[in-house]
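Visitor: I would like to learn how to read a structure like this one. Please show it to me first.

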Amino acid sequence: MKNTFKIQLAAVCLAALGAVSASAAPLADSFFGGRNLLSDNSAEYLVNRDGSTCSGISDTPTVRDCLVEQGDRLVGTFNIESIEALAGGGTNLLGTGGVNELTGYFDVTVVGAALVGGQWQFQFAATDASGIAVWMYEDTTPDYARIGAPGSLATLIGTATDGSLWATFSVGHWLAQAVSNNIALIGAIPVPGNGGGFNVGLNVVTNNTLMTLGTVDCFNGVGIVQVTSCGSGSLLGKNGATSPFDSFDDVNFTLNVQKVPVPGIVVLLGLGLGLLGFKRRVG
């Protein structure tokens with residue numbers, strides 16, 4: 001009888017472990033312990049204070065205005081294509097070979113804009129009242145795109161937000177410098193030239209990554225601060241690509257990762273131990 005119970009318990013545990021394994025996030029398995037460098041590309045478009053856009057894609061476009069000014073918003077998407085272990089150990093690719101896609105959406109408002117020494121300096125804050133500026137998604141169907149017809153903006157944004165919510169972040173700091181405050185001119189710069197750069201410090205708000213995220217060093221324009229994620233990149237032209245976005249970028253983020261057991265496994269082990277204890281008491 002005792003052997004029968006143990007066999008039944010083992011069968012239940014194995015079945016549950018199989019179910020948890022099938023539903024565990026493949027992205028967590030692609031990360032290395034310690035600091036990870038996430039990289040690839042992004043794209044954004046300008047939304048003016050009156051709701052018009054540089055590209056004329058708003059529902060109620062007015063006079064085309066491509067100047068990035070205080071009170072305007074930058075909205076965009078990004079795709080992470082690779083994860084590299086900064087301590088060594090290799091690089092993992094996302095969105096290929098059955099590995100899920102990791103994409104994101106951001107919405108920030110210009111809170112500072114000034115011409116300093118021939119370069120435009122910008123400061124951004126979260127547009128959303130909650131303080132969240134970046135939403136990241138895990139998608140089992142890799143489909144991210146930033147190139148498409150002028151009227152395809154909603155569709156392209158959908159390719160970055162159609163997965164399950166992976167994490168959200170608030171802004172510690174978000175700074176940029178550019179050769180012009182005209183986003184259309186930035187978008188028209190021929191490759192390989194770039195029109196400036198950006199530096200961001202983000203702090204996690206929602207964490208569905210199945211990992212513990214530590215802090216990393218990040219330069220905020222004054223000194224080194226601790227944030228959950230430090231990012232940087234270059235402002236790039238579209239290289240003649242047909243896209244409703246005003247400009248492209250490359251992007252790199254650093255995360256300090258500690259993997260943790262899948263919650264379902266922890267619950268399962270606790271249940272199994274509890275059943276064994278119960279059996280000993282009543283057996």
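**Salt bridges and a buried serine**

Guide: Start with Arg49, which counts as exposed at 59% relative accessibility. Buried means under 20% relative accessible area, exposed means over 50%, and partly exposed lies in between (1.4 Å probe, protein chains only). This is a predicted model, where local features need pLDDT of at least 70, side-chain atom pairs count only at pLDDT 80 or more, and totals for chains, interfaces and linings use all residues. Residues are numbered from 1 along each chain as its sequence is written, and side-chain values use heavy atoms, with hydrogens and water left out.

Visitor: What is a salt bridge, in terms of atoms?

Guide: A side-chain nitrogen of Lys or Arg lies within 4 Å of a carboxyl oxygen of Asp or Glu. That rule gives three salt bridges here.

Visitor: Which side chain meets Glu69 in a salt bridge?

Guide: Arg49 does, at 3.9 Å from N to O. Both residues sit in the loop between strand E1 (34–47) and strand E2 (73–85), 20 residues apart. Strands (E, at least two residues) and helices (H or I, at least four) are DSSP runs, numbered from the N terminus. Glu69 is partly exposed, with a relative accessible area of 28%.

Visitor: How far apart are the closest N and O atoms of Arg49 and Asp72?

Guide: They are 3.8 Å apart, and the two residues form a salt bridge. Arg49 and Asp72 both lie in the loop between E1 and E2, so this pair ties together parts 23 residues apart in sequence. Asp72 is buried, at 1% relative accessible area. Taken together, Arg49, Glu69 and Asp72 are linked in a network of salt bridges.

Visitor: Which residue does Arg73 pair with?

Guide: Arg73 meets Asp107 in a salt bridge, 2.6 Å from N to O. Arg73 lies in strand E2 and Asp107 in strand E4 (residues 101–116), so the pair ties together parts 34 residues apart in sequence. Arg73 is partly exposed, with a relative accessible area of 26%. Asp107 counts as buried at 9%.

Visitor: Now the serine. Is Ser42 buried or exposed?

Guide: Ser42 is buried, with a relative accessible area of 4%. This residue is found in strand E1.

Visitor: Which residues does Ser42 touch?

Guide: Contact means heavy atoms within 4.5 Å. Leaving out residues up to four places away in sequence, Ser42 touches Thr77, Phe78, Tyr144, Arg146, Phe248, Asp249 and Val251.
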